[in-house]
Amino acid sequence: MFRVGRGARLLIVGQAPGRLVHETGIPWNDRSGDVLRAWLGFDREVFYDTSRVAIVPMGLCYPGTVNGSDLPPCAECAPRWQPRFRAALPDISLTLLVGGYAQAYYLGSSRKQTLGETVRAYREYLPAFFPLPHPSWRNLSWLQKNPWFVKQVIPALRRRVNALM
């Protein structure tokens, strides 16, 4: 569900493991992961190289689904585990905050009123954090309504991440 290695400079913080991740034990092992890797310009080899990239969820357990949608991560997980993950990853230079749960936890009151506004203001959170929408198929309409994301944010994301690699 999570992948952590010494020396990783990029941390990807997502939500809770979805059904496929729960079944395989491989984070981002679904269509959302394909989209996230495309945004980063990574193949699976780079994405899962724990000496470069650490991957942790906001919740460690699969919360289940309701009406075909994954439930949110358990609220008690982040305060208990995120500080421990961070302490175990001293070389992290950039943390990708994928989705609203990660942004709420790490950005707190500095995040904007909406996820879109937070993502659009990504420069305000650098150099430590880079907020992103969740790459789920459920957010396809958001991506279509916000073409600035692909035109402005994705190139900036790739530049920032490539500089770390």
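Trainee: How many bridges join strand β1 to β2, and do the two run parallel or antiparallel?

Mentor: Keep in mind that this is a predicted model. Five bridges join β1, residues 10-14, to β2, and the two strands run parallel. One of the residues involved is Gly14, whose bridge partner in β2 is Pro57.

Now widen the view. The pair belongs to an open sheet of four strands, in the order β2-β1-β5-β6, with parallel pairing. β2 (53-57) and β6 (129-132) stand at the edges. Each has a single partner strand, so one side of each is left without a neighbour in the sheet. From one strand to the next, the twist averages 20°.

Next, the helix over the strands. α4 (residues 77-87) lies across β1, β2, β5 (94-98) and β6. Its direction is at about 170° to β2.

Then the packing. Nonpolar side chains tend to be buried together in soluble globular proteins. Here the largest nonpolar core has 29 residues. Ile12, Leu96, Leu132 and Phe149 touch the most other members. β1, β2, β5 and β6 each give two or more residues to this core, as do α2 (31-40), α3 (44-47), α7 (140-145) and α8 (148-164). The largest share, eight residues, comes from α8.

Look at Leu132 itself. Beyond its neighbours within four places in sequence, Leu132 is in contact with residues including Leu36, Trp39, Leu96, Val119, Phe149, Val153 and Leu157.

There is also a second, separate core of 17 residues. Among them are Val13, Met58, Tyr125 and Phe129.

Terms used: Residues are numbered from 1 along each chain as its sequence is written. This is a predicted model: local features need pLDDT of at least 70, side-chain atom pairs count only at pLDDT 80 or more; totals for chains, interfaces and linings use all residues. Side-chain values use heavy atoms; hydrogens and water are left out. Two strands pair if DSSP finds at least two bridges between them. Axes are lines fitted to C-alpha atoms, for helices over the stretch in contact, and angles run from 0 to 180 degrees between N-to-C directions. Contact means heavy atoms within 4.5 Å. A nonpolar core is a set of buried Ala, Val, Leu, Ile, Met, Phe, Trp, Tyr and Cys residues joined through side-chain atoms within 4.5 Å. Buried means under 20% relative accessible area, exposed over 50%, partly exposed in between (1.4 Å probe, protein chains only).
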